[in-house]
Each structure stands twice: as C-alpha cells, then as structure tokens.
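Happy to look at this one together. Let's go through some side-chain contacts, one question at a time.

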Amino acid sequence: MSNLSAFLHPAQSAAAHEVVISKRFMGEDGRPVPFRIRPLTQEENDAITRRCLRQSKVNGQMVERLDNVAYSRRLVVAATVEPDFQNEEICRAYGTMDPMEVPGKMLLAGEYSRLSKEIMALSGFETDGLEEDAKN
C-alpha cells in the first residue's frame, strides 16, 4: 500500500494560532490580548531569505551572507496576522511608516523573542518529538 495519499493530502494546520506574547497588551475585559500568527510555507521562507541576502567583499571575493536582523523582522511581519504591522495607523502610532520597524518598537526584547519562537515552532522549525515518532 502506498503512502502517496499522505503526501498529496497533508493534514492542514490551522490558518492562524493565538498566542499571548505579553500582559502589557490588555483588552477592555482586562485580559491579555493574544497575537494571531500563521505558519509560513517554505516558499514564503525562501522569498524572505532572498530579500535578506547581503553581498560584501571578503579577501577580494564577493560573498553572500544572511542579514539575520532583516530576516527576523520580515519573518515576524509576514507571519503575524494580528496586530497587522503593515497597518498605516499602527505604523503611525509607533512613529514609523516602515512596517519592518513596528515590532521592534512595539515589543520588549523578550516579547519579540517569544513571538519569533512561536512563529518558528508553528512553521515547523522545531522538530521535538518527530524523531521519536518516526522510530515508533
């Protein structure tokens, strides 16, 4: 029996996932407002990576390197559904018209890290338990 069907029709992950990043963002009901994030496909990740490649000369040769700060910013903006960092009103509120700067201005360092880790996990970067599942 072939497993082709599993690859043709993979289980769909939820379109968006809610995660509380900080208790600093409180709703009218006094409860923390969750951020809504979505998983990124490898195709989206490739596009983000290409936009973050930088060239420089090293020992007379051109070398490409990944700008990790730019990659992280683009990843967070692309995968965050709510708040929409590209919204003009939110950009204005944080004193910039560049959506890539909004998360860094809005969030504390630990909050930013937590949001980034949640996005990475939702997008399948953390494989905890997969090796064990494969053995069984």
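This is a predicted model: local features need pLDDT of at least 70, side-chain atom pairs count only at pLDDT 80 or more; totals for chains, interfaces and linings use all residues.

Q: How many aromatic pairs does a search of the whole structure find, and which residues form an aromatic pair?
A: A search of the whole structure turns up 1 aromatic pair.

Q: Where in the chain do Phe 25 and Phe 35 lie, and how many residues apart are they?
A: Phe 25 sits in the loop between strand S1 (17-19) and strand S2 (35-37), while Phe 35 belongs to strand S2. The pair links distant parts of the chain, and the separation is 10 residues.

Q: Is Phe 35 buried or exposed?
A: Phe 35 has a relative accessibility of 3%. Buried means under 20%, so Phe 35 counts as buried.

Q: Which residue meets Glu 111 in a salt bridge, and how many residues apart are the two?
A: The structure holds 5 salt bridges, and one of them joins the side chains of Glu 111 and Arg 24 at 2.8 Å, N to O. Glu 111 is in helix H6 (residues 109-122), whereas Arg 24 is in the loop between S1 and S2. The partner is therefore Arg 24, 87 residues apart from Glu 111.

Q: Why does the salt bridge of Arg 36 and Glu 82 tie together separate parts of the sequence?
A: The side chains of Arg 36 and Glu 82 meet at 3.6 Å, N to O. Because Arg 36 lies in strand S2 and Glu 82 in strand S5 (residues 80-82), the pair ties together parts whose separation in sequence is 46 residues.

Q: Are Arg 38 and Glu 44 buried, partly exposed or exposed?
A: The side chains of Arg 38 and Glu 44 meet in a salt bridge at 2.7 Å, N to O. Arg 38 has a relative accessible area of 23%, and Glu 44 has a relative accessibility of 26%. Arg 38 is partly exposed, and Glu 44 also counts as partly exposed.

Conventions:
Residues are numbered from 1 along each chain as its sequence is written. Side-chain values use heavy atoms; hydrogens and water are left out. Rings of Phe, Tyr and Trp (its six-membered ring) pair if their centres lie within 6.5 Å; planes under 30 degrees apart count as stacked, over 60 as edge-to-face and the rest as tilted. Helices (H or I, at least four residues) and strands (E, at least two) are DSSP runs, numbered from the N terminus. Buried means under 20% relative accessible area, exposed over 50%, partly exposed in between (1.4 Å probe, protein chains only). A salt bridge is a side-chain nitrogen of Lys or Arg within 4 Å of a carboxyl oxygen of Asp or Glu.
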